[in-house]
Amino acid sequence: ILVIGAPAMAVHASVIDMIGNTPMVDVSALSPNPNVRILAKMEGQNPAGSVKDRIAKAMIEEAEEDGTLRPGSIIIEPSSGNTGIALAMICRIRGYNLKIVLPSNVSIERRQMLEVSGAEIIDSPGAEGSNGAVRRAQALADEHPDWVFLYQYANEANPRSHYEGTGPEIWADVPEITHFVAGLGTSGTRMGVGAFHKEQNPDIKILAVEPPIGERVEGLRNLDEGYIPPVYEKWGGQDLLDGKRIVRPRESLEWTRRLTEVGIFAGISAGAAMAGAVRTAEKLAEQDPEAEATIVIIICDAGWKYLSTGAWTDDLDEVVERARKIIYF
């Protein structure tokens, strides 16, 4: 049946070609300030389900181009979930053997997705979180110099994928952007997107969402607690950063739930980003009630990998307490 006027759909050679060009959604119904729009970039629409699809593709393709990766290579990488899942998808397609160093206390969905895609899981102590996984992966890479250690925290392809992809996509959709609010994990998203937007308009404010010292919002890190990702320093993080928004675990979960009011079923880090955007909108109202602004946040992934945590269904106090034991991102 020929449908007149139906848009043509491209046929992709691989799901890898579907990475990027994710949609933007207006979530201003949740803004506490009528003069401040909040827009969300839906990175959960990537084929492996998160913003980390972008860096996994970029790191693998760069390693292929420079000869680091060859047919049958073994890749070792630390991950608390999303980067590992994205790498596992691409490695399965490209024929690489992937070993993921994974904290033992990640949610069960994360572990299952890695297994589905054929990755070998090497456990690291859950109490040490993502930093412990990094240390274990570094030690294994030193012991096995024939393994390829992509090391997302220091790999230039990480922020560059956002400088060349995510940032320009946001600019094309929202040239009126005034604020970009994002969490700091590897810091690649904020560095790449931030650097690109500062070049387009130096007045755009680049804001980081951080948990308080001693508290954990998985997917985010507080730089004052010791570990600073190398890409943060290489890309001039301190100079690029215009401010911080401190978001506690409970706020992250509250806003993760509230995102469902506008039909967005997102992971916990998206709730933290939304909380940071809301706080920014409130602060702008205090400074100038008439000022208009457009805030962009990243919805890093969808919520399906977090269902076992009870983040949407259980008592909020119980979920906050559980977050001390289970890595949600």
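**View 1. Helix 2 over strands 3 and 4.** In this predicted model, helix 2 (residues 82-94) lies across strand 3 and strand 4. Helix 2 runs at about 165 degrees to strand 4. Look for E77, which stands opposite I100 in strand 4.

View 2. Four strands make up an open sheet in the order 5-4-3-6, and their pairing is parallel. Strand 5 (120-124) and strand 6 (148-149) take the edge positions. Each has a single partner strand, so one side of each is left without a neighbour in the sheet.

**View 3. Strands 8 and 9 side by side.** Strand 8 (residues 205-210) pairs with strand 9 in the parallel sense, over four bridges. Here E210 stands opposite I246 in strand 9. In a regular strand, side chains alternate between the two faces of the sheet. Strand 9 (residues 243-246) has G243 and R245 on a covered face, while K244 and I246 sit on an uncovered one.

**View 4. A look along helix 10.** Helix 10 (residues 268-287) has 20 residues, which at 1.5 Å a residue should span 28 Å. Its end C-alpha atoms are 29 Å apart, so the two values agree. Helix 10 is also mostly covered, with 14 of its 20 residues buried.

**View 5. Two cysteines, C91 and C300.** C91 counts as buried because its relative accessibility is 2%. C300 is buried too, at a relative accessible area of 17%. As for disulfides, the structure holds zero.

Definitions and conventions
Residues are numbered from 1 along each chain as its sequence is written. This is a predicted model: local features need pLDDT of at least 70, side-chain atom pairs count only at pLDDT 80 or more; totals for chains, interfaces and linings use all residues. Side-chain values use heavy atoms; hydrogens and water are left out. A disulfide is a pair of cysteine sulfur atoms within 2.5 Å. Buried means under 20% relative accessible area, exposed over 50%, partly exposed in between (1.4 Å probe, protein chains only). Helices (H or I, at least four residues) and strands (E, at least two) are DSSP runs, numbered from the N terminus. The expected span of a helix is 1.5 Å times one less than its number of residues. Two strands pair if DSSP finds at least two bridges between them. Contact means heavy atoms within 4.5 Å. Axes are lines fitted to C-alpha atoms, for helices over the stretch in contact, and angles run from 0 to 180 degrees between N-to-C directions.
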